[in-house]
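Dear colleague,

I am passing on the structure below, together with notes on what was found in it. Please read the notes with the model open beside them.

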Amino acid sequence: MMKKIVIIGGGITGLTAAYSLQKELINQDLPVEIELIEASEHLGGKIRTLRKDGFTIERGPDSFLIRKKSMERLVRDIGIGDKLVTNGTGQSYVLVGDKLHKIPHGSFMGIPLQVRPFLFSGLFSPLGKIRAGFDFVLPKSEVKEDQSLGHFFRRRLGDEMLENLIEPLLSGIYAGDMDDLSLMSTFPNFYEVEQKHGSLIRGLKRTVPKKKSQKKKPSMFYSIKGGLETVVEALEEKLTETSILKGIQVDHIEKKEAGYHVLLSNGEVSRADAIIMATPYYQTAKMLSQYDFVQELQKMKATSVANVALAFDQSAIKKDLDGTGFVISRNSDYRITACTWTHKKWPETAAPPGKALLRCYVGRPHDQEIVDLSDQELEEIVLKDLNKIMKIDAKPLFSVVTRWKKAMPQYSVGHKAMMDRIAESMAEELPGIYLAGASYRGLGLPDCIDQAEAATKEVLAHILEKE
């Protein structure tokens with residue numbers, strides 16, 4: 001009898017799950033059909049690329065970490081490995097007060113691995129540098145199931161190191177409050193290093209691979225010629241054995257004696273023997289609203305963010321620094337949170353010769369109302385801040401504003417334990433339904449791909465067990 005697997009959500013997680021499943025079903029010649037259901041008319045989730053007047057503008061993520069191999073592997077597997085590009089490298093900056101400071105060399109996620117660059121950095125006061133040095137003598141913390149990133153880093157390195165460097169860097173990933181974000185759901189390796197070595201700095205120096213001496217700073221990120229949406233387009237082309245429904249929401253999921261019924265917004269019902277839910281936490285909770293244990297997800301929070309891409313003639317950038325952009329300390333009096341000099345970060349693809357492309361971000365956890373301002377208001381705020389920081393007073397050739405509402409799920413303290421409880425309850429009460437995606441066990445593109453591939457294995461095991 002033909003089995004059916006339904007994947008809910010057509011972002012990178014859902015697409016990867018469909019692609020991985022399709023490959024396995026073909027390789028094993030299994031009598032299983034796949035259906036992918038996406039509420040919007042667009043696949044790819046937050047991956048959106050605008051190609052305009054020779055510019056390549058990413059409206060969502062613009063890259064992925066090289067050291068996490070799953071995204072690169074997927075890109076090569078779907079036949080577009082020749083389109084991979086590495087980022088242009090150069091100095092990055094952090095704005096503290098009204099001054100751009102170079103991010104000190106010899107650091108890992110803002111944590112100093114070399115003493116000299118930090119001693120000579122203007123980012124920290126003499127007392128702040130002394131306080132960071134306490135990491136070498138402080139005992140390791142008591143064993144804890146979880147704690148906030150803020151609490152962990154303040155104890156080991158002090159307020160200045162956290163607020164002037166670590167927080168601005170990590171906020172670019174999580175757009176969250178360091179005093180709320182879970183250490184064990186974001187960087188459990190830091191806790192493990194501290195527990196093993198006592199000193200966080202000493203432990204990282206021993207465990208982080210040493211870079212080979214070379215003049216040019218190695219690239220940390222990859223992207224794709226033509227933008228990341230090229231990956232989405234290639235994946236969709238590969239899904240020849242997958243039924244894709246766009247513009248249809250899933251209202252509810254009902255457990256039946258054999259499998260599940262997926263109730264759709266068009267009034268139809270889709271039968272499923274197994275389901276991968278690659279949906280944000282609040283949508284998952286709504287679709288499974290009759291199960292109390294799933295409603296734990298409602299405790300989660302998500303921040304809204306927006307970005308403003310601005311195209312200029314390069315002559316408009318009067319303070320043209322060597323580098324790829326800057327992040328901003330929350331102690332600074334600016335509403336933008338970061339700015340990428342996109343034409344320098346992606347010199348091969350981002351902008352035509354003689355043009356510049358800047359992408360500025362807004363939407364701190366405690367400044368959410370800014371995301372709801374009009375395009376014109378957002379552009380004015382960004383241009384005002386850029387003028388103060390980079391002496392840009394010209395009007396852009398054009399601007400593109402993108403808003404992402406409730407787009408950045410916050411892994412609060414206790415998140416990992418909550419997800420473990422939910423997974424255990426689902427295995428017992430909803431066998432054959434699996435969660436994957438940014439809301440659950442990792443935000444980055446490679447993390448989502450890892451979760452999709454793990455869910456694929458679980459689904460296949462469940463289907464084959466029922467044979």
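In which loop does aspartate 29 lie? Aspartate 29 is found in the loop between α1 (12–28) and β2 (32–38), where helices (H or I, at least four residues) and strands (E, at least two) are DSSP runs numbered from the N terminus. Before going further, please note that this is a predicted model, in which local features need pLDDT of at least 70 and side-chain atom pairs count only at pLDDT 80 or more, whereas totals for chains, interfaces and linings use all residues. Residues are numbered from 1 along each chain as its sequence is written, and side-chain values use heavy atoms, with hydrogens and water left out.

Backbone angles

Most residues other than glycine have a negative phi. Aspartate 29, however, has a positive phi near 55°, and with a relative accessible area of 66% it is exposed (exposed means over 50%, buried under 20%, and partly exposed in between, with a 1.4 Å probe and protein chains only). Lysine 406, also not a glycine, has a positive phi of about 50°; it lies in strand β21 (residues 398–410) and is partly exposed at 39% relative accessibility. Aspartate 53 takes a positive phi near 50° in the hairpin of β3 and β4, which has two residues between the strands. Those strands, β3 (residues 49–52) and β4 (residues 55–58), run antiparallel and are joined by four bridges (strands pair if DSSP finds at least two bridges between them), with arginine 51 opposite threonine 56 in β4.

Leaving aside residues up to four places away in sequence, isoleucine 253 touches several residues, including Ile8, Tyr260, His261, Ile275 and Ile433 (contact means heavy atoms within 4.5 Å).

A residue in helix α3

Leucine 119 has its place in helix α3 and is partly exposed, with a relative accessible area of 48%.

With kind regards
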